Amino acid sequence: MSQYTHRVTIAVPFAMLAQANNLACIMGESAADIDTFRQANWQDTGGNLFAVASTVVKPVFLGAASGVLPASSPHAVDADRALAQQALDTLNLPGGMQMVVGDDPLEALASLGLTQVPEVIE
Amino acid sequence: MPFMSVYQRPFTSPAVRGGVLGRSGLGAFWSRWLPSSLFAAGEQGAWYDPSDLSSLFQDSAGTIPVTTAGDPVGRMLDKSGRGNHATQTVSASRPTYQTDGTLRWLAFDGVDDHLVTTQNNPFVYTDPLFIFAGFNKTGAFKAFETLYGSATNTGATNTGQSIALQVAAGKLSTDVWAPGGIRVDTPLLVAGTPYVVGVTATNWSTHKNAGGALRTNGAQGTSVAYGGAQTGLTAVPAYLGVFHPTALASSFYTGAMFGVIAARRSISAPETLSLESYLAKKSGVTL
C-alpha cells in the first residue's frame with residue numbers, strides 16, 4: 001500500500017500566494033514546492049480569485065496541517081517560516097486558505113464554491 | 001536476421017495490411033512488436049510507458065522508485081533511448097501511478113498535474129511527426145484538455161506556436177487554439193471510455209491543410225481545420241497532461257494515461273497498426 005493514503009485539494013486566496021507557497025515548501029518534499037500555487041485562475045461567486053493545487057499526501061501531512069509547522073526539511077531551509085505560519089493560521093477560516101480531503105479534486109473545488117475563471121481568447 | 005524476416009512477413013500480406021489478420025489472427029505476432037523499433041535509426045522522439053514500473057520514480061531526480069498504486073510520479077523515463085525523460089519537481093503537480101491489477105496508468109487530477117520533458121520537444125516545424133496516446137478520461141471534457149503538448153502560448157492569447165494532442169471538449173485535435181490545427185468534430189469522445197488516439201503529419205507546418213490525419217481506435221477520423229496560421233515551432237519543452245506550465249485551467253487533463261509515443265519521423269501504415277495495437281493492449285481498448 002502506498003504511503004500516500006489521502007488526497008488533499010487546496011485553494012489559496014490571491015493575496016496569500018506567497019504565504020501559501022512558503023507553507024507548501026515546508027510541508028512538501030521539494031525545494032520546487034515554493035512554486036506550488038502559480039496562477040489564480042479559479043474564483044468564488046464573488047469574483048475573488050484563488051490559486052489551487054491537489055496532491056496525494058501521507059497521513060503525517062494531515063497532522064502537520066492542524067496548526068504547528070513541522071521542522072524544516074533540508075530542502076526548505078530557505079522557506080520563510082513566518083509567512084508559512086501566517087498561511088497555516090488561516091486554514092479553513094473564512095477568507096483564508098481552504099483545504100478539502102477527498103479523492104475527487106474537481107468535486108472538492110466545487111464544494112468550496114469555486115469555478116474556473118472564464119477563459120477569454122484574445 | 002532470420003527472426004526478423006519471420007516477423008516482417010505478415011506486413012507483406014494484403015490481408016494483414018488491411019489489418020484483418022493483424023488484429024485477430026495474429027495477436028501473438030502483434031504482441032511481440034515494440035515501439036523501440038520506431039526509434040531504431042536514432043529518430044528523435046519519446047516513448048512513455050507507465051506500465052513499466054522500472055521507468056517510474058516518485059521524485060524528479062529518479063532516486064525513489066514507484067512501487068505501489070497511489071505513489072506520485074515525479075519522473076517517467078523515456079524508453080525511446082533519446083533521453084526525453086518527463087519530470088515534475090513540484091510535489092503537488094505530480095500525477096500518481098495506478099493499476100487495477102491488469103492495466104497500469106498515470107492518473108492526472110485535472111487541477112495541476114503534469115510532467116515536463118527534460119529536453120525541448122523533439123520536433124522540427126517542417127518535418128513529419130506522429131504522436132499517439134492511450135487514455136481514459138474521467139469526468140466532463142474541458143475546453144482545452146491536453147494529453148501531450150508543447151507551446152509558447154498559454155492559450156489565453158491568439159498568438160504563439162504550439163503542437164499538441166488534445167481532447168479538447170471531447171474533440172480530438174492537434175493544436176492549442178491559436179496557431180491552428182485540425183480536429184475531429186464528430187463523433188465526440190466519450191468520458192469513461194478507453195481510447196487510442198493519434199496524429200500523423202507529413203509536415204507539421206502544413207498539416208492543417210494537407211498531410212495531417214487524426215486517428216481514433218485504429219480508424220482515421222474526418223477532420224476539419226481550425227484556428228489561425230502556424231508560424232513556427234519554438235524549441236521549448238513538451239508536457240504530458242497540459243500544453244504549457246501556466247496554461248488555462250481547462251487544459252489540465254483529468255484521467256488515466258496509458259502511454260504516449262511520439263517521434264519526429266513519418267510512420268507507415270503497418271507501423272501505425274502495430275503502434276495502435278500495442279497501445280490498445282496497454283489501454284484496454286479492443287480495436
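Predicted model: local features only at pLDDT ≥ 70, side-chain atom pairs only at ≥ 80, totals over all residues.
1. Overall make-up of chain A. Four helices and five strands make up the secondary structure of chain A. Their order along the sequence is β-α-β-β-α-α-β-α-β. The C-alpha trace of chain A extends over about 45 × 35 × 30 Å along its principal axes. The radius of gyration of chain A is 14 Å, which agrees with the value near 14 Å that a compact globule of 122 residues would have.

2. Helix packing in chain A. Helix 1 and helix 3 (residues 81–89) of chain A have axes that come within 7 Å and cross at roughly 105°. Angles of 65 to 115 degrees count as roughly perpendicular, and helix 1 of chain A and helix 3 of chain A are therefore roughly perpendicular to each other. On the side of helix 1 of chain A, the contact is made by A:Gln19, A:Ala20, A:Asn22, A:Leu23 and A:Ile26. Helix 3 of chain A brings A:Arg81, A:Leu83, A:Ala84, A:Gln86, A:Ala87 and A:Leu88 to the contact. By class, the residues of this contact between helix 1 and helix 3 of chain A are seven nonpolar, three polar and one charged.

3. The largest pocket. Its volume is about 560 Å³, and 33 residues line the largest pocket. Those nearest the centre of the largest pocket are A:Ala24, A:Met27, A:Gly28, A:Val57 and A:Phe61. Helix 1 of chain A has the largest share of the lining of the largest pocket, with five residues. The lining of the largest pocket holds 23 nonpolar residues, alongside six polar and four charged ones.

4. The second largest pocket. This pocket has a volume of about 450 Å³ and a lining of 22 residues. A:Asp103 and A:Pro105, together with B:Ala107, B:Phe108 and B:Thr138, lie nearest the centre of the second largest pocket. At least two residues of the lining come from each of helix 4 (105–111) of chain A and strand 5 (96–99), strand 6 (104–109) and strand 18 (254–263) of chain B. Strand 6 of chain B gives the most to the lining of the second largest pocket, namely four residues. By class, the lining of the second largest pocket has nine nonpolar, eight polar and five charged residues.

5. The cavity. How many cavities of 30 Å³ or more does the structure hold? There is one. The largest cavity contains about 170 Å³ of space. It is lined by 16 residues, and A:Gln39, A:Val52, B:Val111, B:Asp112 and B:Phe252 are the closest to its centre. The lining of the largest cavity divides into eight nonpolar, six polar and two charged residues.

6. Backbone details in chain B. Most residues other than glycine have a negative phi, and most peptide bonds are trans. Two places in chain B deserve a look against that background. The peptide bond that joins B:Thr186 and B:Pro187 is cis, with omega about -5°. B:Pro187 sits in the loop between strand 12 (181–183) and strand 13 (194–201) of chain B. B:Ala169, a residue other than glycine, has a positive phi near 55°. The loop that holds B:Ala169 runs between strand 10 (162–168) and strand 11 (171–173) of chain B.

How values were computed: Residues numbered from 1 in each chain as written. Chains lettered and ligands numbered in written order. Heavy atoms only, no water. 1 Å grid on protein atoms, 1.4 Å probe; cavity = no way out; pocket = protein on both sides within 12 Å on 5 of 7 lines; lining within 4 Å. Points joined across faces, edges and corners; volume = space filled by probe spheres on them. Nonpolar A, V, L, I, M, F, W, Y, C, P; charged D, E, K, R; others polar. Axes fitted to C-alpha atoms, helices over the stretch in contact; angles between N-to-C directions. Parallel < 35°, antiparallel > 145°, perpendicular 65-115°, else oblique. Contact = heavy atoms within 4.5 Å. Rg over C-alpha atoms; globule rule 2.2 N^0.38 Å.
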